[in-house]
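Subject: A structure for you to explore

Hi,

Here is the structure I promised to pass on to you. Have a look at it first, and then read my notes below.

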Amino acid sequence: MTDLRLSGIGMTSARTRDRLVQRLREQGIANLAVLERIRNVPRHIFVDEALGSRAYEDTALPIGYGQTISQPYIVARMTEALFEAGAADSVLEVGTGCGYQTAVLAPLVARLYTIERIEPLLARARERLKELGVRNVRFRHGDGTLGWRAHAPFDGILVAAAPLTVPEALVKQLRVGGRLVVPVGPEGEQELVRFTRREQAVQRESLGAVAFVPLLGGTA
Ligand code: SAH
């Protein structure tokens, strides 16, 4: 990847990004730190060059292997949902994909752990984040349904693919007060849910209807 691509021309202009941020504000994203990240992360480097001109549209785009880069609104919404109660120290992301959500999240937390089941996607994400100078991320090729026990408990867990039911391991790896933001349900009927772990119980809030690729078991 060339410096030219990173520094950006045309489609990456400040105005194009401002428009995206303005649109997200109108849709109800209010957290300024999150909006700043959406403005600053060069989304065009996470998609194929042929799709670069569409990178600042608020839409999901293909990233290969049947997967998609998440829509900026959804990335912003999920990140905001994780932080509403304040800062998070250590966060687990399941479904690295192209690494866009990872790049948005990383500077907002002390330590970010990310798991992806498709190895070539993980390898590319790792390269891109290195290029962007992001250093507080640990990557793992594996099945995120199981979480990442060695680094648990987490203040927050964000899942970028939809399981039919919430994986038990993820709830267990939350610290008391920690939050799990996850799309749940079959295709066409998914809702974004936030679970907050309490001393004796787990609180569940629905954050509305969403459309994600399925969370699959095993690795590829
Ligand atoms: N936020 C990512 C979204 C990628 S799509 C981005 O912006 O690019 C969801 C990703 O979850 C896909 O890459 C898919 O391979 C991955 N995934 C699905 N099931 C998984 C599992 N059990 N463990 C880890 N990753 C998984």
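Tyr100 is buried, with a relative accessible area of 2%; here buried means under 20% relative accessible area, exposed means over 50%, and partly exposed is in between (1.4 Å probe, protein chains only). Before going further, please note that this is a predicted model, in which local features need pLDDT of at least 70 and side-chain atom pairs count only at pLDDT 80 or more, while totals for chains, interfaces and linings use all residues. Residues are numbered from 1 along each chain as its sequence is written, and side-chain values use heavy atoms, with hydrogens and water left out.

Which residue forms an aromatic pair with Tyr100? The partner is Phe46, and the pair is edge-to-face, with 5.8 Å from centre to centre and 70° between the planes. The rule is that rings of Phe, Tyr and Trp (its six-membered ring) pair if their centres lie within 6.5 Å; planes under 30 degrees apart count as stacked, over 60 as edge-to-face and the rest as tilted. Phe46 lies in the loop between helix H3 (32-40) and strand E1 (61-64), whereas Tyr100 is in helix H5 (residues 100-105), so the pair ties together parts that are 54 residues apart in sequence. The helices (H or I, at least four residues) and strands (E, at least two) are DSSP runs, numbered from the N terminus. Phe46 is buried too, at a relative accessible area of 1%.

Tyr100 has another neighbour to look at: the charged end of Arg43 sits over its ring, 5.3 Å from the ring centre. For that label, NZ of Lys or CZ of Arg must be within 6 Å of the ring centre and within 35 degrees of the ring normal. By the pairing rule, the count comes to three aromatic pairs. There is also one aromatic cluster formed by Tyr113, Trp148 and Phe154.

Helix H5 also holds Val104. Is Val104 buried or exposed? Val104 is buried, at 0% relative accessibility. Leaving aside residues up to four places away in sequence, Val104 touches Arg37, Ile38, Val41, Val75 and Thr79, where contact means heavy atoms within 4.5 Å. Val104 and Arg43 are 61 residues apart along the chain, and their C-alpha atoms are separated by 9.6 Å.

Pro42 is in the loop between H3 and E1 and is buried, with a relative accessible area of 7%. Its C-alpha atom is separated by 11 Å from that of Thr16, 26 residues apart along the chain.

Now for the largest pocket, which has a volume of about 470 Å³. On a 1 Å grid over the protein atoms alone, a pocket is an open set of points where a 1.4 Å probe fits, with protein on both sides within 12 Å along at least five of seven lines; lining residues have an atom within 4 Å of a point. Grid points are joined across faces, edges and corners, and the volume is the space filled by probe spheres set on the points. The lining has 33 residues, of which Gln67, Gly95, Ala160, Ala161 and Val213 lie nearest the pocket's centre. Strand E2 (67-69), helix H4 (72-83), H5 and strand E4 (109-116) are the elements that give two or more residues to this lining. E2 gives the most, with three residues.

By class, the lining of the largest pocket has 19 nonpolar, eleven polar and three charged residues. Here Ala, Val, Leu, Ile, Met, Phe, Trp, Tyr, Cys and Pro count as nonpolar, Asp, Glu, Lys and Arg as charged, and the others, Gly among them, as polar.

Finally, some notes on the backbone. Most residues other than glycine have a negative phi, and most peptide bonds are trans. Tyr65 is not a glycine, yet has a positive phi of about 55°. Tyr65 lies in the loop between E1 and E2 and is partly exposed, at 46% relative accessibility. Gly66 is in the loop between E1 and E2 and is exposed, with a relative accessible area of 67%. The peptide bond from Ala152 to Pro153 is cis, with omega near 0°; Pro153 has its place in the loop between strand E5 (137-141) and strand E6 (154-159).

Enjoy exploring!

Best wishes
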